[in-house]
Amino acid sequence: MTFWAPNINIFRDPRWGRGQETPGEDPLVTGKYAVSYVRGVQGDSFQGGKLKGHLQASACCKHFTAYDLDNWKGVNRFVFDARVTVQDLADTYQPPFQSCVQQGKASGIMCAYNRVNGIPSCADFNLLSRTARGQWDFHGYITSDCDAVSIIYDDQGYAKSPEDAVVDVLKAGMDVNCGSYLQKHTKAAVEQKKLPESEIDRALHNLFSVRMRLGLFNGNPAEQPFSNIGPDQVCSQEHQILALEAARNGIVLLKNSARLLPLTKSRTMSLAVIGPNANSAQTLLGNYAGPPCKSVTLLQALQDYIKNTIYHPGCDTVQCSSASIDKAVDICIARGADHVVLVMGLDQTQEREELDRVDLVLPGKQQDLIINVAKSAKNPIILVLLSGGPVDVSFAKNDKNIGSILWAGYPGEAGGIALAEIIFGDHNPEMNNPLLLKFMVLMVGHILLSRREITNDLVSTRICQSTNDDMRMRPDYSSGYPGRTYRFYKGQNVFEFGYGLSYSNYSYELKSVTRNKFYLNQSSTVHVIDNSDSVRSTLVSELGTEFCKESEFSVRVGVENQGEMAGKHPVLLFVRQARHGNGRPRKQLIGFKSVILSAGERAEIEFELSPCEHFSRVNEVGLK
């Protein structure tokens with residue numbers, strides 16, 4: 001009943017093989033995701049506060065902390081020492097974990113393989129005990145990642161003996177080891193008088209407390225609520241509908257020239273479907289997936305719409321070292337298909353745990369295949385991308401023969417159906433890419449209102465010229481280092497963070513702002529600091545709880561669907577500092593909400609804001 005999820009590490013570098021497991025690059029989105037995930041698994045309400053002790057199941061926030069490199073150009077996660085500034089740690093890497101613990105009330109934490117500033121995460125007392133248990137009031141168990149204790153001695157050389165490694169992690173606050181190292185060496189550590197039994201008692205207390213909260217000592221296990229779960233519960237109609245809804249909500253329309261999509265069923269007599277991912281049910285699942293209830297590939301789903309559908313894989317594999325370009329082109333010319341759908345991208349042979357990418361381009365000859373098929377097709381083609389991390393499709397963005405681009409991530413068992421629904425207009429894409437957001441539309445002082453669409457910052461080659469083991473978020477102008485994620489990256493993007501399109505057009509109107517000014521000098525305890533860049537500031541802690549509470553205000557925004565289709569539309573609110581530089585984010589997401597609108601319908605969204613929380617920034621010593 002304990003689940004080692006969610007993965008809430010920041011998707012800092014788009015080449016990271018496990019980025020596909022995470023909610024993306026933004027700390028706020030990742031934190032909100034963590035809270036909802038944990039509440040759902042543990043049996044809390046959506047708003048929280050329902051849990052009084054008993055757990056439906058136990059969720060675990062991982063990997064604590066600053067873990068986002070697996071195996072990149074000979075640098076692996078077992079020996080990697082993540083050099084992180086206290087500023088980056090405080091405003092990027094730690095906030096999702098803090099939200100997971102304080103708001104989500106997670107009952108588990110997993111410490112990561114890597115070191116942070118020289119100290120193994122599982123042996124870091126400041127991280128596990130002082131921060132998680134002390135500052136965040138964490139009540140639960142802390143586990144190592146699998147064999148993360150052994151590598152402290154065997155690979156990192158941080159401990160001088162196996163017994164010392166055991167002592168280091170238990171004294172740091174870790175409770176259980178995934179692996180056999182504690183089983184083999186804890187007794188010897190006690191006998192050598194390196195480890196007091198009280199540390200073992202503490203760990204057992206934390207472990208058995210969670211087991212008791214799970215009801216594992218409440219009598220006959222066969223009579224407990226989750227004792228007899230089978231395929232009929234897992235694959236219920238309700239759950240399959242939810243899988244389809246999740247897939248629909250995660251697909252992003254990146255390009256739609258001349259409104260090529262949606263296709264009209266009555267006018268589409270024939271389809272050509274080409275690509276190595278078109279008929280692969282496994283690719284839809286990504287990694288860490290259970291067996292699907294049913295498998296419907298995109299090819300199969302499209303065949304349900306158009307019976308006259310011809311298929312060719314185009315490549316030998318996703319790696320596409322061998323491409324049947326001539327054969328694919330011949331299909332387009334000889335068969336004269338009304339429309340061509342190319343299904344390309346990545347799979348687990350290209351990105352996964354223990355495998356990071358070295359670039360962002362499509363593998364092998366995929367790009368050549370796309371360009372040549374697009375040239376030969378009767379009409380502009382539709383390009384569908386399956387990938388967990390972003391790929392550079394700038395060539396397709398600028399190619400007039402490529403009319404539409406859809407990015408689907410790894411959408412799960414219902415992904416093929418969801419894509420076909422969007423292609424033929426039975427579902428309106430909702431513009432919600434978790435890796436990139438576009439900021440636009442409305443400025444309220446220094447608040448930016450944006451619609452959210454999605455793609456991980458599909459960044460230029462400047463990211464690929466930066467080493468994946470450089471953990472700095474902020475740019476360094478002296479060395480040309482561009483920074484990371486939409487908050488700090490200074491280079492060009494293929495698609496901005498959150499960019500995406502819909503079959504509807506939405507308009508915005510600022511309805512009200514309950515407060516448009518507030519003054520720091522209204523607090524009697526404030527000590528104003530003159531910074532080197534001539535910006536006056538003060539610590540939030542000095543303003544006081546009462547002042548911060550009284551400074552809260554709300555922003556109401558009107559949204560109208562001006563299109564002809566109903567749609568679910570995410571609205572994002574960003575804040576931007578009046579001055580750039582000196583470590584300030586270019587923009588920062590501070591709120592997001594979705595609204596479902598029929599054609600022509602209007603609605604209002606309200607954002608509750610706290611200047612102390614949403615307008616503050618972390619300084620160089622890690623304080624707001």
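Which ring does the charged end of lysine 397 sit over? That would be phenylalanine 495, with the charged end 5.0 Å from the centre of the ring. Keep in mind that you're looking at a predicted model. There's another contact of this kind to look up: the charged end of arginine 472 sits over the ring of tyrosine 481, and here the distance to the ring centre is 4.1 Å.

Now for rings meeting rings. A pair of aromatic rings is described by the distance of the centres and the angle of the planes. This structure holds 12 aromatic pairs. Take phenylalanine 64 and phenylalanine 97 as one of them: their centres are 5.0 Å apart and their planes make 45 degrees, so we call the pair tilted. To count as stacked, the planes would have to be under 30 degrees apart, and edge-to-face needs over 60.

Tryptophan 136 sits in the loop between helix H4 (125-135) and strand E9 (141-144), so its pairing with phenylalanine 64 in strand E2 ties together parts 72 residues apart in sequence. Is tryptophan 136 buried or exposed? It's buried, with a relative accessible area of 7%.

Elsewhere among the aromatics, ring pairs link Phe11, Trp16 and Tyr67 into a cluster.

Let's finish with some backbone pairing. Strands of a sheet pair through backbone hydrogen bonds, either parallel or antiparallel. Here, 3 strands make up an open sheet, ordered E5-E7-E8, and the pairing is mixed. Why do E5 and E8 each have one side left without a neighbour in the sheet? Strand E5 (81-82) and strand E8 (119-120) stand at the edges and each has a single partner strand, so there's nothing from the sheet on that side. Zooming in on E5, 2 bridges join this strand to strand E7 (residues 115-116), and the two run parallel.

Terms used
Residues numbered from 1 in each chain as written. Predicted model: local features only at pLDDT ≥ 70, side-chain atom pairs only at ≥ 80, totals over all residues. Heavy atoms only, no water. Phe/Tyr/Trp six-rings, centres within 6.5 Å; stacked < 30°, edge-to-face > 60°. Helix = DSSP H or I, 4+ residues; strand = E, 2+ residues; numbered from the N terminus. Buried < 20%, exposed > 50% of the residue type's maximum accessible area, 1.4 Å probe, protein only. Lys NZ or Arg CZ within 6 Å of the ring centre and 35° of its normal. Pairing = 2+ DSSP bridges.
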